[in-house]
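Subject: Structure handover and notes

Dear colleague,

I am passing on the structure below, together with my notes on what was found in it. Please read the notes with the structure open beside them.

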Amino acid sequence: MYFEPKYECMNREDLEHLKLERLQAALTRISKNVPYYRKKFDELGIDPYDFDSLEDLSKLPVTARSDLATHAPYGLFAVPLREVVRLHGNYGLMGRSIVVGYTINDIHRWSRLSARILMAGGVGKDDVIQVAYNYGLSTSGFGMHYGAEEIGATVVPASSGNTSRQISIIQDYNVTTLVCIPSYALYLADRLDELGVNINALSLRTGLFGEEAWSEETRQEIQDRLKITAADTYALSEVMGPGVAGECLERNGMHINEDHFLPEVIDPHTLQPVEPGQPGELVITTLTKEALPLIRFRTGDLTRLIYDPCPCGRTFVRMQRITGRCDDMLTIQGVNVFPEQISLIISNIQGKTPRYQIVLERQGRLDKATVLVEADVLVPDKIKEQQRFIENIKQRLAMELGVFFQVRLVELGSMAFDGDRLIPVVDKRTF
Ligand code: ZN
């Protein structure tokens with residue numbers, strides 16, 4: 001089942017032409033409307049009107065997440081704000097905050113691209129899709145929601161959390177498709193077991209999962225326990241959200257919507273392209289985005305591209321499941337967080353930065369995040385003051401990062417060290 005076979009199954013030669021044509025149009029538009037990129041082109045001696053080969057892609061400047069943050073909120077937009085109908089982003093601190101804009105055309109395109117991903121994952125118009133991603137500033141909920149409506153399926157915008165309600169909805173609305181982070185799917189499976197629900201009596205048959213790293217073993221477990229087929233998806237909020245890439249039913253790599261997103265894999269240290277098929281950092285150039293076009297955006301995600309033809313008939317290149325990150329970004333409870341954001345929140349409360357350590361574990365199926373803070377930042381016998389400090393940090397972390405942390409005051413000696421160096425993040429999770 002294809003949503004747009006004309007593109008998804010286009011022969012490679014035509015696709016290469018289309019990509020070049022769209023890239024040329026994008027570069028001239030960007031050069032005209034985004035002073036930041038125009039300056040970069042000038043510095044590198046690039047004439048966007050004279051760009052005639054995809055081979056020259058690596059001559060274009062890369063865009064880092066920090067470039068987006070530096071120019072936030074609207075410095076990299078290629079259209080005036082009055083043409084922007086939607087803003088998403090991750091609201092953070094430390095110049096890490098990123099704002100992503102969409103024109104109405106961007107929103108329509110987003111819907112169609114998400115529809116492709118859902119259909120590739122085995123979803124059709126007769127499905128009832130429960131979107132258990134967060135709706136809000138993050139893109140996941142809305143992206144999948146639009147895709148589901150676009151294919152004419154029935155969408156239930158359950159949003160994240162409230163597991164009892166999620167389970168009631170699955171049962172009462174005859175939900176056939178579950179869309180959420182994979183660890184939550186397993187958590188739901190546990191709860192269904194505890195409640196003694198007969199899984200075979202449910203209507204569930206497919207699931208699309210993404211937003212956090214997961215293994216083939218996790219996929220097997222989700223499939224076995226929920227009695228569904230489970231497909232991997234790749235969303236990138238800076239680039240658009242869901243709709244960038246997703247697995248077909250072959251479940252052997254995610255097809256990238258290549259007619260809209262030009263992928264490359266580079267060595268994160270030298271920034272040079274790796275040999276085809278070799279692992280490295282995924283870099284994406286948007287070909288059609290109007291409000292916030294990006295040239296060679298460094299995703300920080302490690303993967304490799306699979307060029308072999310796929311038996312499903314789609315000709316788009318596939319990316320292997322994400323194997324890790326090449327920067328310090330953490331994904332906790334499906335949310336992207338940088339350690340410095342946590343540091344700043346803690347120091348803003350206390351007026352100085354106490355020594356602290358972030359500990360990530362799996363509690364059952366879900367991420368458990370703890371911040372250990374050195375105890376002697378406060379007079380030890382003032383219990384009330386300590387309690388207030390802990391509550392304050394918890395609330396601020398939850399409010400500003402969207403992640404629930406446990407906070408504990410401990411002796412410095414009980415934190416993990418590497419020689420003399422306090423290790424900032426201890427990640428004990430296995431995926
Ligand atoms: Zn395929």
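I begin with strand β11 (residues 280–286), which is joined to strand β12 (residues 297–303) by four bridges, the two strands running antiparallel; helices (H or I, at least four residues) and strands (E, at least two) are DSSP runs, numbered from the N terminus, and two strands pair if DSSP finds at least two bridges between them. Please bear in mind that this is a predicted model, in which local features need pLDDT of at least 70 and side-chain atom pairs count only at pLDDT 80 or more, while totals for chains, interfaces and linings use all residues. Residues are numbered from 1 along each chain as its sequence is written, and side-chain values use heavy atoms, with hydrogens and water left out.

Sheets

Another open sheet of four strands has the order β20-β19-β18-β23, and here the pairing is mixed. The edges are formed by β20 (405–410) and β23 (425–427), each of which pairs on one side only. From one strand to the next the twist averages 20°, where axes are lines fitted to C-alpha atoms, for helices over the stretch in contact, and angles run from 0 to 180 degrees between N-to-C directions. Strand β18 (residues 356–363) pairs with β23 in the parallel sense over three bridges, and Val359 has Val426 in β23 as its bridge partner. Helix α11 (residues 383–401) lies across β19 (366–374) and β20, and runs at about 150° to β20.

Helix packing

The axes of α5 and helix α6 (residues 140–150) come within 7 Å and cross at roughly 75°. That makes α5 roughly perpendicular to α6; in these terms, angles under 35 degrees count as roughly parallel, over 145 as roughly antiparallel, 65 to 115 as roughly perpendicular and the rest as oblique. On the α5 side the residues are Ile107, Trp110, Ser111, Arg112, Ser114, Ala115 and Leu118, and they meet Phe142, Gly143, Met144, Tyr146, Gly147, Ala148 and Glu150 in α6, contact meaning heavy atoms within 4.5 Å. By class, this contact of α5 with α6 has eight nonpolar, four polar and two charged residues, where Ala, Val, Leu, Ile, Met, Phe, Trp, Tyr, Cys and Pro count as nonpolar, Asp, Glu, Lys and Arg as charged, and the others, Gly among them, as polar.

Helix α7 (residues 163–172) packs against helix α8 (residues 182–194) at an angle of about 80°, with the axes 11 Å apart, and α7 is therefore roughly perpendicular to α8. The contact is made by Thr163, Ser164, Gln166, Ile167 and Ile170 of α7 together with Tyr184, Tyr187, Leu188, Arg191 and Leu192 of α8. Six of these residues are nonpolar, three are polar and one is charged.

Cavities and a pocket

How many cavities of 30 Å³ or more does the structure hold? There are four of them, a cavity being a set of points, on a 1 Å grid over the protein atoms alone, where a 1.4 Å probe fits but cannot get out, whereas a pocket is an open set with protein on both sides within 12 Å along at least five of seven lines, and lining residues have an atom within 4 Å of a point. Grid points are joined across faces, edges and corners, and a volume is the space filled by probe spheres set on the points.

The largest cavity holds about 50 Å³ of space, and among the residues that line it are Tyr102, Asp106, His260, Phe261 and Lys289. Helix α5 (residues 104–120) gives the largest share of that lining, three residues.

The second largest pocket holds about 560 Å³ of space. Its lining has 22 residues, of which Leu54, Leu57, Pro263, Glu264 and Tyr307 lie nearest the centre, and β10 gives the most to it, with four residues. By class, that lining divides into eleven nonpolar, four polar and seven charged residues.

Backbone details

A cis peptide bond, with omega about 5°, joins Ala72 and Pro73, and Pro73 is placed in the loop between α4 (65–70) and β1 (86–90). Arg251, a residue other than glycine, has a positive phi near 50°, and lies in the loop between β8 (241–247) and β9 (254–256).

With best regards
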